Amino acid sequence: MLAALGLWIQPMVHLPAPVFDSTKGIGAFNKLLAERPEALWQVLVLIFVLETTTASARKETMPGDFSWDPFNFADKFDLSAMRLRELKNGRLAMLGTTAMLVQEAVSGLGPYEQLLPH
């Protein structure tokens with residue numbers, strides 16, 4: 001879901017380093033890979049560490065259940081229905097992100113540029 005949001009925010013946010021000046025998702029990835037490949041390795045290692053530590057932290061609970069419920073949502077809502085909604089929203093976001101990246105690869109235009117008249 002954050003990747004879909006990031007594809008829309010990326011053209012609006014400009015970081016100071018010139019390696020981050022691409023406004024397209026695939027273009028930014030290719031530019032970062034060409035100019036700073038070690039940055040991508042850092043991201044991959046961080047993802048690996050986070051996934052392995054959180055997956056092995058609690059094997060007896062459901063994924064995403066950190067036993068932290070300060071507003072007592074478990075008593076007020078049906079958590080199985082909320083988990084199903086969250087799973088469906090995540091899948092829809094993955095399809096949307098894939099569609100935006102495929103559209104960029106085919107046309108060479110980012111999400112904002114697709115909306116502008118040609």
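Which are the buried residues of α5? Select G90, A93, T97, M100 and E104; buried means under 20% relative accessible area, exposed over 50%, and partly exposed in between (1.4 Å probe, protein chains only). Before going further, a word on ground rules. This is a predicted model, where local features need pLDDT of at least 70 and side-chain atom pairs count only at pLDDT 80 or more, while totals for chains, interfaces and linings use all residues. Residues are numbered from 1 along each chain as its sequence is written, and side-chain values use heavy atoms, with hydrogens and water left out.

Now show what covers those buried α5 residues: the cover includes α1, α2 and α6 (111-115). Helices here are DSSP runs (H or I, at least four residues), as strands are (E, at least two), numbered from the N terminus.

Next, colour the whole of α5, residues 79-107. This helix has 29 residues and reaches 42 Å from its first C-alpha to its last, close to the 42 Å expected at 1.5 Å a residue (the expected span is 1.5 Å times one less than the number of residues).

Zoom out. The protein chain has six helices and zero strands. Its radius of gyration is 19 Å, well over the 13 Å that the globule rule gives for 118 residues, so the chain is more spread out than a compact globule. That radius is taken over C-alpha atoms, and the rule is 2.2 Å times the number of residues to the power 0.38. Along the principal axes, the C-alpha trace spans about 50 × 35 × 25 Å. Of the 118 residues, 14% count as buried.

Go to α2 (residues 25-35) and pick K31. K31 is partly exposed, with a relative accessible area of 23%. Leaving aside neighbours within four places in sequence, K31 is in contact (heavy atoms within 4.5 Å) with P18, V19, D21 and R36. For a sense of scale, draw a C-alpha to C-alpha line from K31 to F73: they are 42 residues apart in sequence and 44 Å apart in space.

Last stop: the lining of the second largest pocket, to which α1 (2-9), α2 and α5 each give two or more residues. Select G6, Q10, S22, G25 and A28, the closest to its centre of the 20 lining residues.

Conventions: On a 1 Å grid over the protein atoms alone, a cavity is a set of points where a 1.4 Å probe fits but cannot get out, and a pocket is an open set with protein on both sides within 12 Å along at least five of seven lines; lining residues have an atom within 4 Å of a point.
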